[in-house]
Every structure is written in structure tokens, then in C-alpha cells.
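Let's take a walk through this protein together. Have a look at the sequence and the 3D picture, and then we'll go through it step by step.

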Amino acid sequence: MSHHPQQLPNVTVPTLQLWKSQGRRIVMVTAYDAVTARLADPVVDVLLVGDSVGNVCLGFDNTLPVSVAMINHHLEAVARTKPRSLLVADMPFLSFHLGMDDTVRNAGGFMQRGAAAVKVEGGAKRCDVVRKLVDCEIPVMGHLGLTPQSVNVMGGFKVQGREATAAAKLLEDAVALEAAGCFSIVLEGIPTALAAEVTKALRIPTIGIGAGPQCSGQVLVLHDVLGLVQGHKAKFVRTYVDGYGVLQAALAQWAGDVREARFPSAAESYGAATPASAAPAG
Ligand code: KIV
């Protein structure tokens, strides 16, 4: 099936609600800059400027050091591409913990930079934040399960909701977030059966990552799908190309051409000024 940008509609918050009712699956991927946004926008439905930019691109061990200023920087780059996908900005650690005014200012700043929604990690204890943002006309995507900003509380990146009480609490959290006004919820690192139960219990769509096939949609980090990162690969990641290998081999070819004086060729070089060469450089 071909994916031509012009054939695809602009995706909005109500679009996702409609798709859940129609059983149409939602595709979400991270984008942190204009290059990855342009690459992904024609083939996905939702672009997430995730705080995973911290560990994927900025060299941090986890997402905790990611600031509002960092998300602003990456969001602005993605927004400049004017994507047709729904553009969601992640609320990073400490951007919604220091009081409601600060939270609204941070989330509102993301909307003013081109986001169409924000994502907030956490369960029922975030309902006040969700209600306030929705009251300010800011659509909110929830995020439950293995929420990376809670890595220190969880004692590592561990699957959540495996025990009956934890599963019941997660279901309760999901229902509370929907009631507070979330338009969708990311379910990360939870058992398939629990994700299926949550998805069935809610009217709003769930978007899974390590949460099995029965969510309303799926999200992955773009760099994982394209094989651009080396090292540990989570069980839930499917990599479709050895991007690291392919791209490094191409770079090595160019480096070899430079070292062996095969680059640049005459065709890749400019001659001296002649009347005909007054045209702009191409
Ligand atoms: O920051 C991120 O990339 C995320 C997704 C993996 C859901 O939160």
C-alpha cells in the first residue's frame, strides 16, 4: 500500500476518538527534529516529541534531566515542518509538579509552539492537572504503567501491573484519567491481558508500548524502529532496518572516497567564472 502525504487527512484529537469507535488502529512514533518529523509524518498518525529525547539523542541515562526548554527546542523543530499528524509534546519531569500556574504555563507554551496536545505521566494523582489543562483547552494524553519518570520509585525499568492489586489500581487510574478528561492514554510495559481489559473499559483510545496487541494503537521510539541505536533492545521493540549499520557503511564509503581522493569528482566541483556560470550554484 502506498502512503502519499496528500492522501492522508490531518489528524486531530476527535479523529482519534472516532478511530477507536471504528476499530481503526492508531500509529504513533517519536520525532525530535525536522528530519525525523518529515520522514515519519506521511506514514503515521501521531508524532510525539517525547522526553525519551533525553536518553535517545542527548546522552542521558534516563528522562529525568529533560527540561521544558529542551522539549521546547525539539518541539519547535518538529512544528516547523507543519505535520499533518497530531503533534503531542511530552510534559517532562518537574514540568507539572510545582503548582498549577507553572503547569499551565509549561503546557500552554508547548501549545503556542505548535503542539496539539500534551502527554502527562501518572495515574489518579494527576487528575487535578488533567482537569486544569483540559479546562484551559489543552488536550491531554495520559501515560500509565512503566512510566519512565518514575524509574527511581519502580527500582528500574520493570513491567508494571503484573500482580492483581497493581492491575486493579492501573485499571482504576485509567478510568479516573478518562473521567478527568484525557483523550487517550499510553499504556507502557504492562501485561497484554491488563492492556486489553483497560482498552475495553475505556471509550478513549489506548496506545500501547510493550502492552500487547489489543490496544487501540501502538507507539515506538523512531530510532528503535529504524535500528539507529545500539545496545540493549527491549523485548517490545521491533526493528525494521539496521539503520546504524546501513548509515555507518555509507559514511565509511564516503570517508574512503575522501581518503583515496575519489571525492569530489569534477562533476561535484565548480569551474572558474564564465558568462554561463553566472547561474546560481546547484
Ligand atoms: O518519551 C517517549 O518516547 C514516550 C513514549 C515511548 C510513549 O513517552
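Is Y240 buried or exposed? Y240 counts as exposed, at 58% relative accessibility, where exposed means over 50% relative accessible area, buried means under 20%, and partly exposed lies in between (1.4 Å probe, protein chains only).

Before we go on, a word about what you're looking at: this is a predicted model, where local features need pLDDT of at least 70 and side-chain atom pairs count only at pLDDT 80 or more, while totals for chains, interfaces and linings use all residues. Residues are numbered from 1 along each chain as its sequence is written, and side-chain values use heavy atoms, with hydrogens and water left out.

Back to Y240, which sits in the loop between α10 (222–225) and α11 (243–259). Helices here are DSSP runs of H or I with at least four residues, strands are E runs of at least two, and both are numbered from the N terminus.

Now for the barrel. Eight strands close it, in the order β1-β2-β3-β4-β5-β6-β7-β8, with parallel pairing; two strands pair if DSSP finds at least two bridges between them.

Finally, the cysteines. The whole structure has zero disulfides, a disulfide being a pair of cysteine sulfur atoms within 2.5 Å. Take C215: its sulfur is 15 Å from the closest cysteine sulfur, in C182, so that is too far for a bond. C215 is buried, at 3% relative accessible area, whereas C57 is partly exposed, at 38%.
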